[in-house]
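This report describes a ligand site, a chain interface and the salt bridges of one structure. The sequence and the model come first.

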Amino acid sequence: MNNAMNNAIVQVRGAVKTFAGVATAVDHVSLDIFEGEFFALLGPSGCGKTTFMRMLAGLEIPDRGEILIDGRDMTGVPPNRRPVNMVFQSYAVFPHMSVLANIAYGLKVTGVGAADIRRRVDEALQLVQLGGLEQRMPAQLSGGQLQRVALARALVKRPRVLLLDEPLSALDAKLREAMQLELVKLQHAVGITFIIVTHDQQEALSMADRIAVMEKGKVRQVAPPAELYEYPRSYFVADFIGKMNLFHGRASGDGAVAVEQLGEIKIPGNSSAGRVGIAVRPEKVKLFRDAPRPGFTAFKSTVDNIAYHGSESYVFATTESGAAIAATVQNESRDSKLPAVGDSIWCGWRAEDTLVLEE
Amino acid sequence: MDNWRKNPRVFWILSAPPALWLLGFFLLPLALIWAYSFGHKEGIIGIAISWTPDNYLRALDPLYLQIFLKSFWFAGMTTAVCLIVALPVSLAITFAPARWKALLLVLVILPFWTNLLIRTYALIAVLRTRGFLNAGLESVWDSVDGVARAVGLDGLGAFTPPQLLYNNFAVVFGLVYVHLPFMVLPLYAALDRMDRSHLEASLDLGAGQFRTFFSITVPLAMPGILSGVVITFIPALGSFLTPDLLGGTESQMIANVIERQFKSANDWPFGSALSFILMYITFFALALRAFFSRGRSAMDT
Ligand SMILES: Nc1ncnc2c1ncn2[C@@H]1O[C@H](COP(=O)(O)OP(=O)(O)OP(=O)(O)O)[C@@H](O)[C@H]1O
Ligand SMILES: [Mg+2]
């Protein structure tokens, strides 16, 4: 993680954007993004990630709220006057210009001198490892190379903030993983704030310093990856990030929750009375032959199904009360003992691993 | 659809009538005119096809060359003005809200629903000495004059209506009016197909609207611009009615000369030769266009 993270470079206050005839695309979003941060926007399709990004770039005018970049109010500032650059989802590499002309374009139009352009373009080409392809036309490039051109074209402008809208979605799995690593390395090398849009949670978790999870135009939670994974605050986030055993319940207000299909369980800490979500990660669920010692929240269950995934196996069981529970078992040795389908076992987890969620 | 080779009978049955029609009413008359162009008059109505190049040589006479040049000049001016007018129009339609687009496009092609002759006479009513345009000018003139007198200035004097009809201006004006839709439609098609993210990327990279227009929009719309130029230039070059009705004696185009050969001058061989020269020029323009768009697509792929 980068160090200089006390300085908010992007400040968004109550931004709203509604398209005629569509539900609100961005709904009262307030966010601070810090200098040098690798920030990810994560959410299902249509939740407003692109719209939010376009508002930062000035390509979409918010109906309400304000956006400050580098401390400057961006209201009324056109895209070409903002200290941000964007890598478009479709790359938008100009088809009628060579790689060189594409990368130089942003410098040329702002009146940078020819010698300076040459030097900075060379630097950018080095950075994205496109040396030797300067004279190619975009139609002669692969998807990964096009993406690098788009990246170089934005980086060469030395923006304060680089916006990347699903930059890797058009690449195959292998290239994508390689580019994820490269992007992180690149960001460390140039020290520019990166804001990346993705709907691939693995991508966000592995790359970002912090992640904002969006749903229907609202930001549900902003947190570093580990915190987001281990401490999701709402039912939506818990469901969206990773695999999760999820239940609905009603908190009594004195440290217990009546969970649908499971019965009453103790929860860590306290929760005010009312409807809550209860969740536990499959890898926190342990399997026991007999009732475990106290301190575990455990249920007598029957094994329904076992899915072998190489390094781990998923065990799907049903409790006596009819709730479905999934557990992840690490295959730590070659002869790891797994229960068999139909076996009667206990599924349990440490009480402090129970997550209490906003509904 | 299946390859026609698989169903030769269906293919021949379906294509025979149009093929015969084209042969009988298009290719044969064309061949006849082509043969006439190498003939000479014999008597009052007779034409002898003697394979003489005389008619083509006669077309090289400075008198006719000048008319060809003038036709080129008119058609070129028309194409240029159409392009300059059509670019903002088609841009406006492209970026109009979706529900307005259809209506705006209908407005562009609306003139086609009226006969060309009627539209041209309507233009005469607008442009003639006592026409609507001059009447409008006169009332503006008069009120300026009135105001000037009221504040004690000399005033402008009496209004002398400018001659707007029966000159080169009237012909180009009329040609632009007739051919504008031919330019707007292909331009609109090209602009509408264009990926907007290229324009946004240009803005994002720091280019202003004008820079983006000339560096990105125009090059990306070039196939549409080429189509528009060709399909405006070719019919404008062969225009007959507009120069006939709106032009003076000095603003005759080649089609007017051709018409005279077939009618009043009764010199079909020479008229045929002129027609074919016009057609060769047209082919040349189309070949140029194909050449340019080939160059572009070679670049794109
Ligand atoms: N120009 C527009 N006109 C009308 N509605 C729009 C427009 N752009 C976006 N929307 C709507 O706004 C909502 C948010 O769209 P947005 O593109 O921001 O989603 P997204 O999170 O980027 O989705 P995806 O992951 O599929 O790219 C969607 O419901 C979309 O239909
Ligand atoms: Mg999107």
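By class, four nonpolar, six polar and two charged residues form the shell around ligand 1. Here Ala, Val, Leu, Ile, Met, Phe, Trp, Tyr, Cys and Pro count as nonpolar, Asp, Glu, Lys and Arg as charged, and the others, Gly among them, as polar. The model is predicted: local features need pLDDT of at least 70 and side-chain atom pairs pLDDT 80 or more, while totals for chains, interfaces and linings use all residues. Residues are numbered from 1 along each chain as its sequence is written, chains are lettered from A and ligands numbered from 1 in the order in which they are written, and side-chain values use heavy atoms, with hydrogens and water left out.

**Ligand 1**

The shell (residues with a heavy atom within 4 Å of the ligand) includes A:Phe19, A:Val22, A:Ala25, A:Ser45 and A:His199. Helix α1 of chain A, residues 49–57, gives the largest share, three residues; helices (H or I, at least four residues) and strands (E, at least two) are DSSP runs numbered from the N terminus.

| Residue | Part with the N or O atom | Distance to a ligand 1 oxygen |
|---|---|---|
| A:Cys47 | backbone | 3.2 Å |
| A:Lys49 | side chain | 2.7 Å |
| A:Glu166 | side chain | 3.3 Å |

Of the 630 Å² of accessible area that ligand 1 has on its own, the protein covers 62% (Shrake-Rupley method, 1.4 Å probe).

**Interface of chains A and B**

Contact (heavy atoms within 4.5 Å) joins 21 residues of chain B to 26 residues of chain A. The buried area, the accessible area (1.4 Å probe) lost on putting two parts together, summed over both, is about 1900 Å², with 62% from carbon and sulfur atoms. Ten residue pairs, both at pLDDT 80 or more, are in polar contact between the chains. On the chain B side, α8 (196–204), α9 (209–220) and α13 (268–300) each give two or more residues. The largest share, seven residues, comes from α8(B). This side has eight nonpolar, eight polar and five charged residues.

**Salt bridges**

A salt bridge is a side-chain nitrogen of Lys or Arg within 4 Å of a carboxyl oxygen of Asp or Glu. One salt bridge is counted between chain B and chain A; B:Glu200 and A:Arg54 meet in a salt bridge at 2.7 Å, N to O. Over all chains the structure holds 26 salt bridges. Among them is the pair A:Arg13 and A:Asp32, at 3.1 Å, N to O. This pair links distant parts of the chain, 19 residues apart: A:Arg13 lies in strand β1 (residues 8–18) and A:Asp32 in strand β2 (residues 24–34), both of chain A.

Key: A polar contact is a pair of N or O atoms within 3.5 Å; within protein, one must be able to donate a hydrogen and the other to accept it, and residues adjacent in sequence count only if both atoms are side-chain atoms.
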